[in-house]
Amino acid sequence: MRVTDTSDLWWKTAVFYNLDVETYLDWNDDGVGDLEGLAHRLDHLAELGVTCLWLAPFYPSPQRDNGYDISDYYGVDPRYGHLGDFVEVVRTARDRGMRVIVDLVVNHTSDQHPWFRAARSSPDSRFREFYQWRDDVPADQPANMFPDVEDGVWSYDDEAGQYYRHSFYSHQPDLATDRQAVRDEIAKVIGFWLQLGIDGFRVDAVPHLIATDDGAEHEFLQALRGYVSRRSGGGMMLGEVNLPYDEMVPFFGADDGDELTMQFDFVANQALYLALARQDAGPLRAALAARPALARGNQWGNFVRNHDELTLDQLSDDERDEVFEAFAPLESQRIHGRGIVRRLPPMLDGDPRRIRMVYSLMFSTPGAPVLFYGEEIGMGENPAVRGRGAVRTPMQWTDEAGGGFSRAPADDLTAPLAVEGWAPEHVNVSRQRHETDSLLRFVQGLARHYRASPEIGWGELTLLESGHDCVLAHAVSSSTGTLVAVHNFAPDGRSVDLDLAPLGLDLGDGVRLTDLLGERTSPDEASAAGRHRVELEGYGHRWLRVLRPDEKRLV
Ligand code: GLC
């Protein structure tokens with residue numbers, strides 16, 4: 001690769017940041033975040049080092065699933081502003097060096113969408129075929145995605161006189177995406193938002209969206225991606241596919257990765273939490289070793305936390321119990337029998353070393369990092385909010401009442417703020433901007449080093465021997481250079497004798513390693529030929545850049 005390739009396949013080295021306009025910043029003080037508020041905080045995001053915003057659904061919606069129940073694909077929920085405000089955000093973001101992607105939620109609509117209202121009203125409606133209908137419930141119906149809320153995926157609609165399918169809540173009828181008429185409508189929606197200047201989509205619930213096994217469904221995904229690329233040269237699709245690696249691969253596309261551009265790495269995410277619970281890097285090492293190779297244009301999205309439950313559905317029952325016991329001992333901290341409704345810092349008892357180690361890992365793992373708003377300052381959840389809403393509290397900007405999110409009375413806020421030790425009084429952007437050693441400054445540094453190290457996004461991964469089960473040592477190498485990273489999952493320090501032989505490096509030959517994050521000043525020792533000694537503190541982390549004698553990189 002050439003360094004200039006990074007601006008072409010931009011997503012491979014992007015720093016993504018997911019936020020919900022509703023909970024980000026309320027500019028008119030009505031208690032609900034808005035696009036104007038977001039526009040005023042684009043500088044915070046640019047300063048952090050974000051290069052691509054992922055906006056959670058902001059479309060008109062009855063709001064029964066945090067906006068993932070859409071009643072109009074072509075608008076903005078009036079509580080957040082209007083389309084003009086949206087375009088202003090996109091334009092201003094671009095000026096600050098940030099692209100914007102939006103959620104594409106087309107597995108289902110809200111039952112309030114005009115298509116469904118028409119469809120249920122008459123079997124003769126031309127929208128009837130937009131949804132999936134049956135006269136009875138099949139004996140072998142699949143489990144609903146919210147198994148403790150919905151009995152199955154078929155519900156009876158009195159008005160329609162038939163059962164309709166819903167993979168998620170019963171107020172979210174599944175679209176019949178095998179119908180050409182539906183596909184044409186989806187293409188129009190995509191075309192609309194691209195025309196407004198966005199650079200792609202986070203695609204919701206992809207395995208449900210193309211659920212049949214006949215292969216024709218992949219043609220649909222391929223066609224969507226082709227359409228995105230034709231309408232917007234740099235357009236991309238980042239898909240939500242929570243499946244084992246071998247089942248994720250087809251969603252990148254068999255033909256040179258021409259379906260989803262990126263997928264979230266749910267496998268490594270779940271392995272990360274098992275590794276943290278055990279204080280043993282093994283599970284994460286194994287996941288990374290098992291990662292399938294990707295085509296040149298594809299990428300993994302690495303994340304620590306997202307807006308949903310922290311799902312542990314790919315772990316075994318025993319493994320899940322280990323993670324539950326370590327990080328969600330209370331039943332109220334769990335959901336759907338498979339996930340945790342907490343953010344990372346409270347799970348780690350606020351231990352700054354451990355929190356930083358985790359984000360250092362996220363930024364140094366091959367792929368592109370995806371932050372969830374508030375992670376940059378270590379926000380916690382509000383345990384009094386039931387379900388996934390616990391992690392969807394308003395962004396904490398200042399220590400004022402309302403957390404600088406809004407001046408509306410507390411009762412009018414769209415969601416309650418975090419409380420106690422995690423309240424805005426203690427955790428907020430304003431304070432951390434002024435502290436040189438804050439988490440905010442730390443994450444900003446990670447983003448800067450990530451952007452300056454394209455080998456993380458483009459390079460080959462080599463897992464190195466560290467000599468300790470608790471220490472993950474890995475290297476990423478491309479023609480731009482090599483970065484070695486070491487992460488300690490245990491609370492006490494370790495002396496790590498890194499074997500660099502697999503990298504073909506001869507340290508005696510003018511090759512040096514330099515500490516990038518600059519947390520330690522003392523140079524580490526080349527302890528023996530091809531080996532390198534690194535002193536790691538408890539929950540410590542290091543990024544080491546390999547400098548060859550003819551190195552031109554700036555360090
Ligand atoms: C995805 C979203 C989740 C939503 C579901 C149904 O899993 O991430 O928030 O509830 O789809 O749209």
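Predicted model: local features only at pLDDT ≥ 70, side-chain atom pairs only at ≥ 80, totals over all residues.

Colleague: Start with α9 and α11. At what angle do they pack, and how far apart are the axes?

Modeller: Helix α9 covers residues 266–278 and helix α11 covers residues 317–327. They pack at an angle of about 60°, and their axes are 9 Å apart.

Colleague: Why are they called oblique to each other?

Modeller: An angle of 65 to 115 degrees would count as roughly perpendicular and one under 35 as roughly parallel, so α9 and α11 are oblique to each other.

Colleague: Left-handed or right-handed crossing?

Modeller: The crossing of α9 and α11 is left-handed. On the α9 side, Tyr273, Leu274, Leu276, Ala277 and Arg278 make the contact. From α11 come Glu319, Glu322, Val323, Ala326 and Phe327.

Colleague: Now α13 and α15. How do their axes cross?

Modeller: Roughly at 20°, with the axes of α13 (residues 352–364) and α15 (residues 439–451) coming within 10 Å. α13 and α15 are therefore roughly parallel to each other. Their crossing is right-handed.

Colleague: Which residues make the contact?

Modeller: α13 contributes Ile355, Arg356, Tyr359, Ser360 and Phe363. α15 contributes Leu439, Phe442, Val443, Leu446, Ala447 and Tyr450.

Colleague: And how does that contact divide?

Modeller: The contact of α13 with α15 has nine nonpolar residues, one polar and one charged.

Definitions and conventions:
Residues numbered from 1 in each chain as written. Heavy atoms only, no water. Axes fitted to C-alpha atoms, helices over the stretch in contact; angles between N-to-C directions. Helix = DSSP H or I, 4+ residues; strand = E, 2+ residues; numbered from the N terminus. Parallel < 35°, antiparallel > 145°, perpendicular 65-115°, else oblique. Left-handed = near helix turned anticlockwise from the far one by under 90°. Contact = heavy atoms within 4.5 Å. Nonpolar A, V, L, I, M, F, W, Y, C, P; charged D, E, K, R; others polar.
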